[in-house]
Amino acid sequence: MNTQDLSAIRAHAAPLTATSVDQLQGRIRVPGDKSISHRALILGALTVGETVVHGLLEGEDVLATADAMRSLGADLQRSPEGTWHIHGCGVGGLAEPAGVLDMGNAGTGVRLLMGVVAGYPFTTFLTGDASLCRRPMGRVSKPLEGMGAQFLTRSQDRLPLAVTGGSPLLPMVYELSVPSAQVKSAVLLAGLHAPGVTTVIETVPTRDHTERMLRGFGADVSVEVDGAGRTIISLAGHQELKPTSIHVPGDPSSAAFPVVAAACLPGSQVCVEGLGINPMRIGLFDTLREMGAVVRFENEREEGGEPVADVHIEGRELKGVEVPPERAPSMIDEYPVLAVAAACASGRTVMRGLAELRVKESDRLAAVAKGLTDNGVSVEELDDGLIVTGNGGRPAGGGMVASQLDHRIAMAFLVLGMVSKDGVSIDDDAPIATSFPGFVELMTELGAGFQT
Ligand code: S3P
């Protein structure tokens, strides 16, 4: 499916323009981490007793996972103050859903759930929106088939699909073929439902929220680095998870939008309080420092097994850099907005090792290259990356960008509008609700301007 098709899908698209701003100032909190929120709902549903989640991201992706866990038999309630109370069914206790689980736009939700339901002898039907239905699921279904689950998918392993869990499911040793935390987590969640020890081997480390949170629920997970530098994660199946209380930190991938906007506008000072700074998520901050922005972590602490800080940003004149390809897993979702910083920097910014971006919510390399070109920025699209050449000042802007059912494309180009001369429009702002409800209001608080 091409760009045009994806944009045409939403019949009532709502265009939005971000106007040019001088500076951003203020202290904010961004919504809870999306990766951690999905995992909190899923693991909570696998306990017996009450798990309480504070600061859950109430974006559409996570709400789709909440609905799916309800369909699988767990009880999830939201208190009026926004705390979530989960009464789960225990490992092995989920029930066959009556209907098709529609995961909307949520790649993490659907892939983690594939791992969970692979452990149950019933059949689960999964689908998603037009974006999710074009994304590859074979990376998850193949290892799960190796454990004994059976999949029926559309061509090229795409959704909609049906999975009948292994009976019994077998443990396995699996070396990841793509550096993907979603695949790692799916195999570990399946392994929780198999007898014996399931092991995942990573040659390139990826975000470790599943391992950390499993420990928070009382599971025994071993993580070792072998002589070849590979990370070996092992988990014994059929462990009981104990209900717990979770505080979800702010999502560094959502913070990336105000952070980059502030970094590009000299004189800006923004502090994002209570932000997750897991080492596997902070590649953008390292890159912005190399480009010349001031990024300081203040009040560093640990909350619920995850490192957290108040992150302070000061805008500067930025310079282009070569981003080391091995940094990609620690900032994989941040490249669209990093490309905006690159458009403001002087000289070339080279971003490589990013073939995975072609199979995200949209083909993000193509979407970013087109959006930048249409706003007067010089960009070269590579098979696995982008080279952006900035002129050290504000990009022209003035273009209309197709958000393509991709929340990060929508927000990245609104940030381009803020730091441009003439503002930038997106054809549809609805995808923002996937991960960042309240984005427009929060950016307005900092000094941004929007026109509908
Ligand atoms: C995620 C992992 C990453 C990331 C996605 C969230 C997760 O995807 O892009 O937004 O929560 O595990 P991959 O696992 O495909 O790298």
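Which residue in strand 21 does L382 stand opposite? L382 stands opposite G385. Before I place that pair, two remarks on the basis of this talk. The model is predicted, with local features requiring pLDDT of at least 70 and side-chain atom pairs counted only at pLDDT 80 or more, while totals for chains, interfaces and linings use all residues. Residues are numbered from 1 along each chain as its sequence is written, and side-chain values use heavy atoms, with hydrogens and water left out.

Let me return to the sheet. Helices (H or I, at least four residues) and strands (E, at least two) are DSSP runs numbered from the N terminus. Two strands count as paired if DSSP finds at least two bridges between them. Strand 20 and strand 21 are paired in the antiparallel sense over five bridges. They belong to an open sheet of four strands, ordered 18-19-21-20, in which the pairing is mixed. Strand 18 (322-323) and strand 20 are at the edges with a single partner strand each, so one side of each has no neighbour in the sheet.

Next, helix 11. Here I call a residue buried under 20% relative accessible area, exposed over 50%, and partly exposed in between, with a 1.4 Å probe and protein chains only. Seven of the ten residues of helix 11 (residues 364-373) are buried, so the helix is largely enclosed by the rest of the structure. The buried ones are R364, L365, A367, V368, A369, G371 and L372. What covers them includes strand 20 (378-382) and strand 21 (385-391), together with helix 10 (335-344), strand 22 (400-401) and helix 12 (407-419). At the start of helix 11, a side-chain oxygen of D363 comes to within 3.2 Å of the backbone nitrogen of L365.

Helix 4 (residues 107-117) is mostly covered as well, with eleven of its eleven residues buried. T108 is one of these buried residues, and T108 is also among the residues around the ligand.

Which distance separates a polar side-chain atom of S180 from an oxygen atom of the ligand? For S180 the value is 2.7 Å. A side-chain N or O atom of S35 is also 2.7 Å from a ligand oxygen, and for D333 the corresponding distance is 2.7 Å. The protein covers 95% of the 380 Å² of accessible area that the ligand has on its own, by the Shrake-Rupley method with a 1.4 Å probe; for residues, only the protein chains shown count as cover.

S330 lies in the loop between strand 18 and helix 10. S330 is buried, at a relative accessible area of 11%. Taking contact as heavy atoms within 4.5 Å, and not counting residues up to four places away in sequence, S330 touches P279, M280, R281, I282 and G283.

Finally, the domains, whose bounds come from an automatic or database domain assignment. The assignment gives domain 1 (12-31 + 249-451) and domain 2 (34-236). Their centres, taken over C-alpha atoms, are separated by 28 Å. The contact takes 27 residues from domain 1 and 24 residues from domain 2.

Conventions. A polar contact is a pair of N or O atoms within 3.5 Å; within protein, one must be able to donate a hydrogen and the other to accept it, and residues adjacent in sequence count only if both atoms are side-chain atoms. A residue is near a molecule or strand if one of its heavy atoms lies within 4 Å of it.
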